[in-house]
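Trainee: Could we go through this structure together? I'd like to start with the backbone and then move on to other topics.
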Protein chains: 2
Amino acid sequence: MATIGVLHPGAMGAAVAGALQQAGHDVSWVVTGRSDATRRRAADVGLHGVPDLATLVGRVDVLVSICPPHAAVEVASAVRSGGFQGCYLDANAIAPATVAEVAEVLGADPVSGTASAGITFVDGGIVGGPDLAAGRTELVLSGEAAGPTAELLAVDQPGIVVLDDRLGTASALKMAFAAWSKGRAALLLGVRAMASAFDVDEALVARWERRGIDAANEADQALATAGRKGWRFAGEMEEIAATFASRGVPDGFHRAAAEVFAAFARDEDARQLGFDGLQRRLAAHGEHAVGSPAIDEPPDRR
Amino acid sequence: MATIGVLHPGAMGAAVAGALQQAGHDVSWVVTGRSDATRRRAADVGLHGVPDLATLVGRVDVLVSICPPHAAVEVASAVRSGGFQGCYLDANAIAPATVAEVAEVLGADPVSGTASAGITFVDGGIVGGPDLAAGRTELVLSGEAAGPTAELLAVDQPGIVVLDDRLGTASALKMAFAAWSKGRAALLLGVRAMASAFDVDEALVARWERRGIDAANEADQALATAGRKGWRFAGEMEEIAATFASRGVPDGFHRAAAEVFAAFARDEDARQLGFDGLQRRLAAHGEHAVGSPAIDEPPDRR
């Protein structure tokens, strides 16, 4: 059994940490400065709370980073500064270029992840929902130490799989998977918002239905999901856009997807908002953003 | 029966013209300066050839414009200059704002399409493939004269339907329909191109299949279709992007889609190209385009 630290458990992080805990590992997290909701989630899955990062890095063999994409490099940097020696697994939804930044910050080889400053780096990507134990979700690993790390972690966890020995491929796979699942949801939300603005939404849905195109149901589901979780997808969409751009593939799909998701508020019931409400919100946002191509950061990404 | 002129029949135009001809109308087109392929298409459906636009506008009651989106305003302008008096139906894949430009050029009311200079303007959008007679395709009309125009044209043509009495809504419906059908195809091509570049395409497809997501087949079909027809979708994607932008909805999805489709050559067998070939082509194009956000016009949009 391994001693594992999880940085910093939100909904996804708590689920993965809980699965590792249930597998028999000793899983810890940093309590100080976290919200009541996060503390409840951590307590529910039986995690061991420690007061600060210094304590955490001193007591674990493996650190798993599961945090909002924009915080990934910063978290790695804090871990390095904290004097961690061991295996660092980044399971965040980040671009391969961001994986390379994390490697640099950790002092690990940018291709293999081999330690040159005491930290072995393994790239990870979570494909699917937060329920690792249910077998629908995979934690995909890559890098030279991916194999041993998977063996160490994978007690009764069929969802932990090794992709290959290069850093970045696990994250690229995660990006590609989310590029379609979340990208198509955002595109569909944009289509319905546009159709609503021109008062042809009903006519559009009628044509989809007549042709056996199931987009109307999918759009309703995308709206409900975006209402609950969209506010935290924007950063992931920016990472996907960066991944596309790094290989010359147009990044506009996911820059636009980031804007669409950023229009949602945290824990919103989007059935109230509707596609017409989404369009009005996007239009109002666009007026503020004139002259500024970058989207605003949502007020609270956590 | 009506006398109808069609400007300028490509694959879609010839199909619509043929359906009108078969319905018993007298359908003409301008022969001069058109390619052998276009002449063959026109002859196949029994169209009456005339030497020039001046002759055409003098002999018809209704003109139907079916041309590449970027030529729509120019065609309307030539018709006005040619002294046409009658009903002008724009069936092109253009943004509502472009419809308003066409109205202005024709000297018609920008909201209703009512003539103030002898030309009554009807907005049209073709939803579905080119086969109007098969019932899968609709020619949707809007504007004050949409009703009488549909009655005039709709002899045995169940696919000609009236949406409402405002210019722009027929085109908005067309834009929304194509925004999803062609937009999702372009997104999927981008996802596979990116995944190929990182050598995770096979791993991505395996995960889709395991989860019952039918994206792999859809991507193969999208690639084949883009090979045959993608070169002429770029202009339509730009019109969709303009439609989104005009209502504050992010336009990046379809700016990116335009770039993806512009990467294909005319009548290309894209199975040869593959997703990796597409990615290399997009990357090479991006290198040329550095510093220039606008995409290049394809060499031949017709």
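Trainee: Where does His8(A) lie in chain A?

Mentor: His8(A) sits in the loop between strand 1 (3-7) and helix 1 (11-22) of chain A, where helices (H or I, at least four residues) and strands (E, at least two) are DSSP runs, numbered from the N terminus. Bear in mind that this is a predicted model, in which local features need pLDDT of at least 70, side-chain atom pairs count only at pLDDT 80 or more, and totals for chains, interfaces and linings use all residues. Residues are numbered from 1 along each chain as its sequence is written, while chains are lettered from A and ligands numbered from 1 in the order in which they are written.

Trainee: OK, and which kind of peptide bond joins Leu7(A) and His8(A), cis or trans?

Mentor: The bond between Leu7(A) and His8(A) is cis, with omega about -15°, and in chain B the peptide bond from Leu7(B) to His8(B) is cis as well, with omega near -15°. As background, most peptide bonds are trans, and most residues other than glycine have a negative phi.

Trainee: Speaking of phi, what is the value for Asp199(A)?

Mentor: Phi of Asp199(A) is near 65°, a positive value in a residue other than glycine, and this residue belongs to the loop between helix 7 (169-197) and helix 8 (201-210) of chain A.

Trainee: How many other C-beta atoms lie within 10 Å of Asp199(A)?

Mentor: There are 16, so Asp199(A) is partly exposed; a residue is buried if 20 or more other C-beta atoms lie within 10 Å of its own, exposed if 12 or fewer, and partly exposed in between, with C-beta atoms placed from the backbone.

Trainee: Switching topic, how many of the residues in strand 7 of chain A are buried?

Mentor: In strand 7 (residues 138-142) of chain A, 5 of its 5 residues are buried, with Glu138(A), Val140(A) and Ser142(A) on one side and Leu139(A) and Leu141(A) on the other.

Trainee: Which strands does strand 7 of chain A pair with?

Mentor: Strand 6 (residues 119-127) of chain A pairs with strand 7 in the antiparallel sense over 5 bridges, and Val127(A) stands opposite Glu138(A) there. Strand 8 (residues 160-164) of chain A runs parallel to strand 7, joined to it by 4 bridges, and the bridge partner of Ser142(A) in strand 8 is Asp164(A). Two strands pair if DSSP finds at least two bridges between them.
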